[in-house]
Amino acid sequence: MATVELRFSALPEHVRTARLVAAAVARRAGVDEAVLDEVRLAVGEACSRAVGLHESHDITSPVRVLLIEDEKKFSIEVGDGVSNHSGPSGAHGEAEGAAESDAEGEDEMGLAVISGLVDDVEVTTGEDGGLIRMSWPTTTAATLP
């Protein structure tokens, strides 16, 4: 099992780099060429979502991306470091509540896009933040009986 770990500052301009690295590692791992665009798009959505959550929650830690090559599948994990996706509790001003509602809508839209692109996707939230785990079969797995 080979793993590549990528950490980047939560800035939108770094999402493209994450997409390119993910596609290169997926290709090397044996993911079918026809699926590489889906890998790029899904990683872009997951990383953009993580960057947005970092910005809206004032998180300074980097976005973490793990690219995991197993014998039969290739997996990508994108961690956002935001442990409470519902935001802080308490009273909010009208403008603050509207901004939070917009962020939640974008968050849900990003998850819907990812779910449409990836058959095997899991979204979890724990003490270390949210995690999107996506996986694709490799060509070595497809050729096995």
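## Packing of helix 1 against helix 2

In this predicted model, helix 1 (residues 15-29) and helix 2 (residues 36-56) have axes that come within 8 Å and cross at roughly 145 degrees, and the crossing of helix 1 past helix 2 is right-handed. On the side of helix 1 the contact is made by Val-15, Ala-18, Arg-19, Ala-22, Ala-23, Ala-26 and Arg-27, while helix 2 contributes Leu-36, Val-39, Arg-40, Val-43, Gly-44, Cys-47, Ser-48 and Val-51.

## Helix 2 along its length

At 1.5 Å a residue, the 21 residues of helix 2 should span 30 Å, which agrees with the 30 Å that separates its end C-alpha atoms. The buried residues of helix 2 are Leu-36, Val-39, Ala-42, Val-43, Gly-44, Ala-46, Cys-47, Arg-49, Ala-50, Val-51, Leu-53 and His-54, a list that includes the charged residue Arg-49. After helix 2 comes Asp-58, which has a positive phi near 50 degrees.

## Strand 5 and its two partners

Strand 5 (residues 129-137) is largely enclosed by the rest of the structure, because seven of its nine residues are buried. Strand 3 (residues 73-79) runs antiparallel to strand 5 and is joined to it by seven bridges, with Ile-76 having Met-134 of strand 5 as its bridge partner.

Strand 4 (residues 120-126) is likewise antiparallel to strand 5, and seven bridges join the pair. Strand 4 and strand 5 form a hairpin with two residues between them, and Gly-126 has Gly-129 of strand 5 as its bridge partner.

How values were computed
Residues are numbered from 1 along each chain as its sequence is written. This is a predicted model: local features need pLDDT of at least 70, side-chain atom pairs count only at pLDDT 80 or more; totals for chains, interfaces and linings use all residues. Side-chain values use heavy atoms; hydrogens and water are left out. Axes are lines fitted to C-alpha atoms, for helices over the stretch in contact, and angles run from 0 to 180 degrees between N-to-C directions. Helices (H or I, at least four residues) and strands (E, at least two) are DSSP runs, numbered from the N terminus. A crossing is left-handed if the near helix is turned anticlockwise from the far one by less than a right angle, and right-handed if clockwise. Contact means heavy atoms within 4.5 Å. The expected span of a helix is 1.5 Å times one less than its number of residues. Buried means under 20% relative accessible area, exposed over 50%, partly exposed in between (1.4 Å probe, protein chains only). Two strands pair if DSSP finds at least two bridges between them.
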